[in-house]
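Please examine the sequence and the structure shown here before reading the report.

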Amino acid sequence: MAFEKVKRSEDYSQWYNNIVNNADLAEHSAVRGCMVIKPYGYAIWEKMQQELDRKFKETGHSNAYFPLFVPKSLFEAEETNAEGFAKECAVVTHYRLINDPKNKGKLIIDPDARLEEELIVRPTSEAIIWSTYKNWIQSYRDLPILINQWANVVRWEMRTRLFLRTTEFLWQEGHTAHSTEQEAIEETLQMLDVYANFAQNFMAIPVIKGVKTANERFAGAIDTYCIEGMMQDGKALQMGTSHFLGQNFAKAFDVKFANKLGNQELVWATSWGVSTRLMGALIMAHSDDDGLVLPPKLAPIHVVIIPIYRNEEEFNKVTEIALKVKLELEGKSLSVKFDNRDTHKPGFKFAEWELKGVPVRIAIGPRDVENGSVEVVRRDNKEKQIMNMADLANKINHLLEAIQDNIYLKANTFLDNNIRPADTWEEFIELLDAKGGFVSAHWDGTSETEELIKEQTKATIRCVPLQNKLEEGSCIFSGKPSVQRVLFARSY
RNA sequence: CGGGGUGUAGCGUAGCCCGGUAUCGCGUCUGCUUUGGGAGCAGAAGGUCGUAGGUUCGAAUCCUGCCACCCCGACCA
């Protein structure tokens with residue numbers, strides 16, 4: 001395989017695309033805007049799924065599955081939500097193909113097979129789910145409903161990029177129903193914390209928790225909370241959202257319950273989701289010019305063992321040790337790959353596994369066999385060390401923990417260094433252009449101002465951080481009074 | 001959807017302006033030598049030149065439509 005190399009500092013977009021290619025994560029498909037997620041990429045997504053799924057169940061949720069199609073009449077029931085998505089919906093209008101009488105071997109849509117009611121391919125599932133919940137909820141005893149689904153959704157995007165924005169993508173969407181506003185808000189915030197913990201502890205990406213402004217809010221939500229990450233090129237990436245939906249969907253679908261006093265009340269709702277976009281975040285937050293860098297907790301392969309040898313006799317000796325090491329590490333629940341291909345030289349293998357981001361590489365050669373040692377190299381900082389074989393599994397485990405910590409610390413330092421205050425409009429623009437990152441600035445709280453700032457700078461308000469410090473000031477743009485700073489950034 | 005660019009073997013490309021059946025590197029296959037940072041030599045295989053039309057004796061090359069991808073806009077939870 002010939003690997004295309006572009007430095008991160010030279011062309012960030014191309015660098016990103018190359019990592020997706022070279023690390024064998026995904027490729028473009030025959031369908032515009034849709035990707036094929038390849039086995040290695042999917043293995044990483046599965047790791048994410050496993051941990052998130054565990055966290056969802058731990059917080060009392062169950063998985064279920066709702067249909068891909070949403071009848072148009074249901075879709076449009078919650079008007080704000082429907083309008084928000086209308087421009088990017090795929091629509092099914094027919095259900096049959098027939099042979100083309102004019103063109104043998106070709107098929108055409110059967111004009112007689114038009115659906116009475118069009119079906120929308122779900123861009124999100126609130127409509128179909130709330131039309132179902134209506135039937136499930138009569139009494140306060142039926143609440144709360146705490147459901148998650150793993151699914152694909154379709155949003156007809158103008159411009160796509162592998163993982164970051166594709167026409168079809170995979171995600172999970174949680175949809176919960178509650179008897180009180182308080183409980184729904186608590187649920188919204190709880191799931192935001194689940195996401196933030198996952199991002200920080202598993203993906204090793206520090207995030208800022210915040211609330212979206214009206215412009216950036218989910219269509220149909222009262223409040224949209226988010227976690228925002230900072231990529232290495234200084235652009236922000238929304239990594240997850242959690243919505244407090246109030247009673248909007250309950251009203252639209254007439255979902256009421258009898259409370260303890262026998263009175264009818266509207267149900268309170270939340271929804272929350274993360275998608276395969278997290279793969280994009282993972283790539284852009286940690287990787288370097290040599291390829292992908294994976295945090296150990298998400299690495300499909302923790303350790304790769306590469307044999308060094310000059311002849312069959314040496315290969316046999318080295319293999320014996322390698323297999324012993326492999327078994328010992330697997331005994332500690334580590335995923336280990338012994339790369340005994342005879343078709344590639346060690347140097348090639350080193351480079352290839354680095355491209356794929358495997359956290360730890362162990363090389364074993366004749367010298368090591370003699371000394372009872374192995375050469376251990378960590379992917380995150382390339383540090384090389386000779387380790388004695390004694391108690392190797394524990395040492396490797398500690399090393400993996402150290403790598404996980406180090407990757408996080410590095411990303412955290414980067415984030416800290418890329419949040420900068422601006423107090424004048426000139427300063428604001430200069431920071432955005434010269435440094436990127438988050439710019440913390442006062443804002444008068446109006447959508448008009450936010451819109452004008454976006455038009456002039458391409459920066460949007462990523463969020464109002466939770467527990468934000470209140471502070472008197474004047475809006476960076478309009479000069480009007482402001483009570484707090486918000487975070488601006490250019491974003492994906 | 002607007003502007004710009006690209007599409008030639010698995011990957012990366014030359015050739016296109018000025019029409020004559022395609023260049024080079026990597027990879028692949030065979031053999032030998034190699035193996036502690038992307039191996040060397042020798043030989044071999046592999047191509048509807050994105051796609052559909054048109055012009056022409058003849059099209060990778062010129063013209064038109066379409067498709068896909070990349071960059072910039074618009075759009076976007």
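The report below describes the chain as a whole, the surroundings of the RNA strand, and then several individual residues.

## Basis of the report

This is a predicted model, in which local features need pLDDT of at least 70 and side-chain atom pairs count only at pLDDT 80 or more, while totals for chains, interfaces and linings use all residues. Residues are numbered from 1 along each chain as its sequence is written, chains are lettered from A and ligands numbered from 1 in the order in which they are written, and side-chain values use heavy atoms, with hydrogens and water left out.

## The protein chain as a whole

Chain A contains 14 helices and 26 strands. Helices (H or I, at least four residues) and strands (E, at least two) are DSSP runs, numbered from the N terminus. The C-alpha trace of chain A spans about 80 × 70 × 55 Å along its principal axes. Of the contacts in chain A with a separation of 6 or more, 68% are between residues 24 or more positions apart; contact means heavy atoms within 4.5 Å.

Chain A has 492 residues, and 52% of them count as buried. Buried means under 20% relative accessible area, exposed means over 50%, and partly exposed lies in between (1.4 Å probe, protein chains only). The accessible surface of chain A is about 23,200 Å², and carbon and sulfur atoms hold 49% of this surface. Such areas come from the Shrake-Rupley method with a 1.4 Å probe, and for residues only the protein chains shown count as cover.

## The surroundings of the RNA strand

Around RNA strand B there are 39 residues, of which Phe 85, Arg 155, Arg 159, Arg 165 and Asp 368 come nearest. Of the atoms of RNA strand B that come within 4 Å of the protein, sugar and phosphate account for 46%. A residue is near a strand if one of its heavy atoms lies within 4 Å of it.

Which parts of the RNA lie beside polar atoms of the protein? An N or O atom in the side chain of Arg 159 is 2.4 Å from a phosphate oxygen of RNA strand B. For Glu 354, a polar side-chain atom lies 2.8 Å from a base nitrogen of RNA strand B. A polar backbone atom of Arg 367 is 2.7 Å from a base oxygen of RNA strand B. The elements that give two or more residues to the surface near the strand are α1 (12-22), α10 (346-355), β19 (360-364) and α11 (366-371).

Helix α10 provides seven residues, the largest share of the surface near RNA strand B. Within α10, Lys 349, Glu 352, Trp 353, Glu 354 and Leu 355 are buried. The buried residues of α10 pack against α1, β17 (303-307), β18 (336-338) and β19. Just after α10, Gly 357 takes a positive phi of about 80°.

Pro 366 is located in helix α11 and is partly exposed, with a relative accessible area of 26%. Leaving out residues up to four places away in sequence, Pro 366 touches Ile 308, Glu 314 and Val 318.

## Two buried residues

Asn 148 belongs to strand β9 and is buried, at 0% relative accessibility. Its side chain and that of Gln 172 are joined by a polar contact of 2.7 Å. A polar contact is a pair of N or O atoms within 3.5 Å; within protein, one must be able to donate a hydrogen and the other to accept it, and residues adjacent in sequence count only if both atoms are side-chain atoms.

Thr 167 is placed in the loop between β9 (145-154) and β10 (168-178). Thr 167 is also buried, with a relative accessible area of 3%. Beyond its neighbours within four places in sequence, Thr 167 has contacts that include Arg 32, Cys 34, Trp 156 and Thr 160.

## Backbone features

Most residues other than glycine have a negative phi, and most peptide bonds are trans. Leu 143 and Pro 144 are joined by a cis peptide bond, with omega about -5°. Pro 144 is in the loop between α5 (126-136) and β9.

Where do residues other than glycine have a positive phi? Ala 204 has a positive phi of about 60°; this residue is in the loop between α6 (181-201) and β11 (208-211) and is buried, with a relative accessible area of 0%. Asp 391 has a positive phi near 60°, lies in the loop between β21 (384-388) and α12 (392-417), and counts as partly exposed at 48% relative accessibility.
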